[in-house]
Amino acid sequence: MSILKMRFTGRRSLALTATAVAVSLAAAGCGGDSGGSTPALPGNPGLGGDGVVAQSVYDAAPVASDADIPAGSTMEAIRKRGYLNIGGSLDAPLLGQQNPVSGTIEGFDADMAKLLAKYIIGKPEVKTTTIGTQTREAMLQAKSVDAVFQTYTITPQRATQVAFAGPYLTSGLAVGVRKDDTSIKSVKDLAGKTVIVGANTPAVTALPSAAPGSKQIAFGTDPQALQALLQKRGDAYVQDFTLLASGAKANPGMKVVGEPFTTEAYGIGLNREDAQFKEFVNNWLKKIQADGTWAKVWEGTLGSVVEGGAPTPPALGSADGS
């Protein structure tokens with residue numbers, strides 16, 4: 001199943017605008033986050049939750065055995081250092097956003113990084129370096145960070161420069177509706193409806209076949225489109241899941257329904273020359289998928305604005321380039 005998608009060419013301004021609507025914290029350099037130093041607020045799985053993963057999820061998360069940490073490996077270096085150094089975001093609601101009160105970094109990507117840190121070190125200690133999409137490959141190649149958790153789309157071209165563990169998350173176009181709307185549950189219900197889209201986004205070309213007979217109303221920015229939905233100028237808003245999730249976090253009057261109906265895979269970016277670390281991270285992903293930890297993280301973050309339970313995680317190695 002699909003979950004998230006964020007395009008950084010052409011639509012980056014829309015993503016940044018949506019983020020600013022919720023909470024935008026400009027951050028340069030590094031942000032520290034010791035995931036388990038103070039108890040996290042209890043998360044409420046499902047629609048209407050607070051977007052925070054419960055401390056109990058960290059407490060129950062697996063820890064690698066000494067046998068899984070070979071001498072001289074990247075994992076041993078991280079364990080000796082005492083924290084996982086990642087490239088990520090501090091201003092992406094429900095993915096990686098710094099809490100203005102506690103200073104902790106919260107969201108699906110941030111929490112996945114904390115859980116990997118716990119698996120390696122025994123505690124969720126993470127140092128987050130804010131990183132631009134244009135510098136991710138260079139930072140991984142230079143080993144400036146151990147990994148990148150940043151809705152990093154797996155592509156064959158990128159895979160010639162970095163290694164991708166996963167995919168750990170997939171995404172695509174999704175459907176947003178007003179909170180009180182019970183008639184629309186998926187893109188199939190949009191046939192014959194008036195649908196709000198972002199100008200020059202993939203929704204413009206995807207909708208005619210996904211929802212035959214639907215009428216489109218296009219807006220230049222994500223806030224304009226969200227406002228139009230809440231003002232009932234359209235029946236639904238079709239957009240990238242990431243933008244819809246951010247919008248729903250900032251606007252309690254809307255929700256995300258159904259599953260994304262297009263697909264894009266996200267991977268954990270790693271140094272391309274470190275096949276041992278990639279295998280280790282993939283084995284960790286298998287563990288947290290199998291024991292339900294992955295689903296709990298999804299429910300506590302992205303699932304807080306999406307109807308229905310957690311989806312099935314993507315199959316590891318299923319994306320071209322992973």
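Select I196 and Y237 to begin: I196 stands opposite Y237 in β12, in a predicted model where local features need pLDDT of at least 70 and side-chain atom pairs count only at pLDDT 80 or more, while totals for chains, interfaces and linings use all residues. Residues are numbered from 1 along each chain as its sequence is written, and side-chain values use heavy atoms, with hydrogens and water left out.

Now widen the selection to strand β10 (residues 194–198) and strand β12 (residues 236–240), which pair in the parallel sense over three bridges; strands (E, at least two residues) and helices (H or I, at least four) are DSSP runs numbered from the N terminus, and two strands pair if DSSP finds at least two bridges between them.

Next, show the open sheet of five strands, ordered β11-β10-β12-β9-β13 with mixed pairing. Because β11 (215–219) and β13 (254–257) stand at the edges with a single partner strand each, one side of each is left without a neighbour in the sheet.

Helix α8 (residues 241–250) lies across β9, β12 and β13, at about 125 degrees to β12.

Finally, select helix α4 (residues 108–121) and helix α10 (residues 293–300), which pack at an angle of about 145 degrees with their axes 9 Å apart. F108, D111, M112 and L115 of α4 meet T293, W294, V297 and W298 of α10 in this contact.

Technical notes: Axes fitted to C-alpha atoms, helices over the stretch in contact; angles between N-to-C directions. Contact = heavy atoms within 4.5 Å.
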